[in-house]
Amino acid sequence: MSATDTVILAHALGLALLLGYAALLVRRSGRGGGRR
Amino acid sequence: MRDATARHFGTAPGAPPLWLAGPSGRLRFRLFWLVTLGLLGLAIALTTWYAPIDPDLGPIQKLFYFHLSVAIGTFLACLASFAGSVGYLWQREAIWDALGASGARAAVALCAVVLLTGVFWAKQAWGVWWEWNPPLTFSLSLFALYIGYVALRRWLADSERRSGVCAVYGIIAFFNVPLVYVSAKLLPDSHPSSLELTAPMRLTLVAWLVAVAALTVGLIGTGIPAGAPAERDDRP
């Protein structure tokens, strides 16, 4: 895997994790739920 | 299952989180996330088309902007958890407990990305996925400590005792943050303590810092149980 591929993959995985978690929280807040 | 904090606030379906409650709360909530996504898009665009390739490190250096920004975001989330823990022990208010918990969960997510981007960097720059040098080891222990916080919160029964125990744990866990920072600055080993940046590189870094700071605030704020108290719910 080239350095450019590595940079793209690391950004994609990192942003997917953070934005996925954000989407989960937004969905939960929309339902009026809370977490422990 | 809703917990004591959510019950304390009295959640309202469709409401924005507490920090954006009010007449135009939902609008501001959506606007906040749209601006945050826009800032992230701008940072990606600057990294792709504006920031030059470092002549010494090559294309892998472009990972540095995201990696450093998320590391600082992790510190902010840990600080929020620490503030919530101190606030809870001081005032015994549910809002502080919720801040402590939300900060810790955001810290886990952000620190996971620090470690993820770090191992990709390590493989390209050093030829190995992992090295047990001080900054990496302290970062991994920070991740483990906040995983422990989240696990402890799930494990303990839904009670004031849980809030008190987690507050004490949150304060102790925070003391790992300066160790990560100091080890990265003073004991760099393979991990660089600083990089020479040109003006376009600095601008790209600023864009990432702003975008990830907004994302961190969003993760912490949205993680606090939604909805203002029903009596004060002034939505149409």
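## A helical chain and its core

From the N terminus on, the elements of chain B run α-α-α-α-α-α-α-α. That gives chain B eight helices and zero strands. Keep in mind as you look around that this is a predicted model.

**Chain B as a whole**
- Chain B has 236 residues, and 46% of them count as buried.
- Take the contacts in chain B with a separation of 6 or more: 78% of them come from residues 24 or more positions apart.

**The largest nonpolar core**
- This core holds 66 residues, and Ala107(B), Leu110(B), Cys111(B) and Tyr146(B) have the most contacts inside it.
- Both chains take part: helix H1 (3–31) of chain A gives two or more residues to the core, and so do several helices of chain B, including H2 (25–50) and H3 (63–91).
- Helix H4(B) provides the largest share, with 18 residues.
- Beyond its neighbours up to four places away in sequence, Cys111(B) touches Thr74(B), Ser139(B), Leu142(B), Phe143(B) and Tyr146(B).

**A pair of helices to find**
- Look for helix H5 (residues 134–155) and helix H6 (residues 160–174) of chain B, whose axes come within 10 Å and cross at roughly 180 degrees.
- Angles over 145 degrees count as roughly antiparallel, so H5(B) is roughly antiparallel to H6(B).
- On the H5(B) side, the contact is made by Leu145(B), Tyr146(B), Tyr149(B), Leu152(B) and Arg153(B).
- On the H6(B) side, the residues are Arg162(B), Val165(B), Cys166(B), Tyr169(B), Gly170(B) and Ala173(B).
- By class, this contact between H5(B) and H6(B) has eight nonpolar, one polar and two charged residues.

Terms used. Residues numbered from 1 in each chain as written. Chains lettered and ligands numbered in written order. Predicted model: local features only at pLDDT ≥ 70, side-chain atom pairs only at ≥ 80, totals over all residues. Axes fitted to C-alpha atoms, helices over the stretch in contact; angles between N-to-C directions. Helix = DSSP H or I, 4+ residues; strand = E, 2+ residues; numbered from the N terminus. Parallel < 35°, antiparallel > 145°, perpendicular 65-115°, else oblique. Contact = placed C-beta atoms within 7 Å. Nonpolar A, V, L, I, M, F, W, Y, C, P; charged D, E, K, R; others polar. Buried ≥ 20, exposed ≤ 12 C-beta atoms within 10 Å, placed from the backbone. Core = buried A, V, L, I, M, F, W, Y, C linked by C-beta atoms within 7 Å.
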